[in-house]
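Hi,

Here is the structure we talked about. Please open it alongside this note; my findings follow below.

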Amino acid sequence: MAEPPRLIRHTDNRVLELATTLLDVVIAERSTYPGNRAIIRRHIQAPIAASLDHPNAGLLYRSGNCARIEGVIDCLLEPRRGAAVTAALDAMDERYAAQRAQAGGEAEHNAAERAERRRLLSALRTIVLVGYVEDLEHAVAMILDKAAEARRAFVRRLRERRAQRDAQNGAAALVEDAPNDASTAPPNVVPLRLRRKERDADAA
């Protein structure tokens, strides 16, 4: 696994609690040119999501674990952040404010504004919804509490590196990845907070 998981609810099935992360994959592609025996290997990071109820989900929580997975292609709405999104929202607000200042059509503009704001704040992301997990190379499972702590530490390191880079460039630091922050997620992607009974079950 490339990074600790982020905990969310499924876009359509709100009962389904998921842990999302990135899986490092090496793809070997053989040349299609006749007689060419070249094999080209490409490294990619595939977004995956596993239900918290999956018996082997803990194998996907620890960065560096190797696992074999099987699943199906699915889509999730995920939050979009950053300077480009903020600039687009500001431009949209100015445009709709000018339109509202004109006579008529205010309700229609409001509906269009809400729809455009949702498109700017969230985007569909194709993922692999994991249904089977098998450990490889003696992968060690991690409990959910420890995974949440690892995610917070991971995000802190991202913030520190971004702040250092922005300071070197003379720009203000911008945070684009907030750990389990319900205030920054779009309406259909609800970051999870661990309940006491879940923590007790994980520690058992």
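A salt bridge here is a side-chain nitrogen of Lys or Arg within 4 Å of a carboxyl oxygen of Asp or Glu. Glu29 and Arg42 form one, with their closest N and O atoms 3.1 Å apart. Glu29 lies in strand 2 (residues 17-30) and Arg42 in strand 3 (residues 39-51), so this pair ties together parts 13 residues apart in sequence. Glu29 is partly exposed, at 36% relative accessibility. Arg42 is also partly exposed, at 36%.

Keep in mind that the model is predicted. It holds 7 salt bridges. Here are some others.

Arg151 and Glu3 meet through their side chains in a salt bridge, 3.0 Å from N to O. This pair links distant parts of the chain, 148 residues apart. Arg151 sits in helix 3 (residues 144-169). Glu3 is in the segment before strand 1 (6-9).

Next, Glu17 and Arg9. Their side chains meet in a salt bridge at 3.3 Å, N to O. Glu17 is buried, with a relative accessible area of 13%.

Back to Glu29 and Arg42 for a moment: both count as partly exposed. Elsewhere, salt bridges with shared partners join Asp93, Glu113 and Arg117 into one network.

When you go through the model, start with Arg151 and Glu3, the pair that links distant parts of the chain.

Best wishes

Terms used
Residues are numbered from 1 along each chain as its sequence is written. This is a predicted model: local features need pLDDT of at least 70, side-chain atom pairs count only at pLDDT 80 or more; totals for chains, interfaces and linings use all residues. Side-chain values use heavy atoms; hydrogens and water are left out. Helices (H or I, at least four residues) and strands (E, at least two) are DSSP runs, numbered from the N terminus. Buried means under 20% relative accessible area, exposed over 50%, partly exposed in between (1.4 Å probe, protein chains only).
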